[in-house]
Amino acid sequence: MKQGGDALTFIRLARDGQGEAVERVLADEVPVAIEFNGIGYAVLMATPTDLTDLVLGFALAERLIRPDDAPFDVDTHDTDQGIVARATLPPSRTDLLLDRVRHRASDSSCGLCGIENLEQAIRPLPPVTTRSRADRAAIFRALDGLAAHQPLNAATGAAHAAAWVGADGAIRLAREDVGRHNAFDKLIGAMKRAGAGWDEGFALLSSRCSYELVEKAVLSQCPLLVTISAPTRLAAERAAAAGLPLVVLARRDAMLHRGNAPLT
């Protein structure tokens, strides 16, 4: 898998006034136009790897498919402007697609482009019915091991990671992208293609806990969401309403927990 684009030359400026040329590998970020059933649905700025996982996870997050729907194939086509990713949704989802379709363009930090009213922005979430058996020792174990699953970030310093972690703290699967939303969509899509559930484990994200990531976790029935940085108030409120426990500001020495049951 390609870990970054061609190296570029920068001048490293030291505090003492010295300067030297350095080579730096940069993460790729390209427009990915997603089409469902021949209809242009969204343009994401993404790292051009694991695109089938990205489109599948994105469709689930957009509620265009259900968790029990079978995975679909994605055809990708390179163009001078970017990548076109085409997929066909089940016939039973066509009406929902037509209702939701928008002419929109979203970047890696935007989850609301194309939304026309507040009701569409903050839709009710289903309750989380799964439970995690992970304890704090498992979370610390996963935090210790996350860097080994971030080759793109190691090469570029510019990528987020999303990992599926077992209840024992072992990282079972991980995906990277320049966008934190894309990384989580890729992970959820990869798990769906593999026929894998969360298996009483949790999701570990190398990002802040935004409300969009909470929604993706809830819609995938993730039993516990762990993020490296802090949550927004809306994210915490949405998680509590859906019964999703959160562990935030998760660092290798301490973390914050919010949920109905204590974390042992």
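Reply: Buried means under 20% relative accessible area, exposed means over 50%, and partly exposed lies in between (1.4 Å probe, protein chains only). This is a predicted model, where local features need pLDDT of at least 70, side-chain atom pairs count only at pLDDT 80 or more, and totals for chains, interfaces and linings use all residues. Residues are numbered from 1 along each chain as its sequence is written, and side-chain values use heavy atoms, with hydrogens and water left out.

Me: Thanks! Is Arg238 buried or exposed?
Reply: Arg238 has a relative accessible area of 12%, so it is buried.

Me: And which residue forms a salt bridge with Arg238?
Reply: That is Glu215, with the closest N and O atoms 2.4 Å apart; a salt bridge here is a side-chain nitrogen of Lys or Arg within 4 Å of a carboxyl oxygen of Asp or Glu. Glu215 counts as buried because its relative accessibility is 13%.

Me: How many salt bridges are there by this rule?
Reply: The count comes to 13. One of them joins Arg252 and Asp144, at 2.9 Å between the closest N and O atoms.

Me: Is Arg252 buried or exposed?
Reply: Arg252 counts as exposed because its relative accessibility is 61%, and Asp144, at 45%, counts as partly exposed.

Me: Which residues are linked in a network?
Reply: Asp50, Asp53, Arg175 and Arg193 are linked by salt bridges into one.

Me: New topic: what share of the chain is buried?
Reply: Buried residues are 46% of the 264 in the chain.
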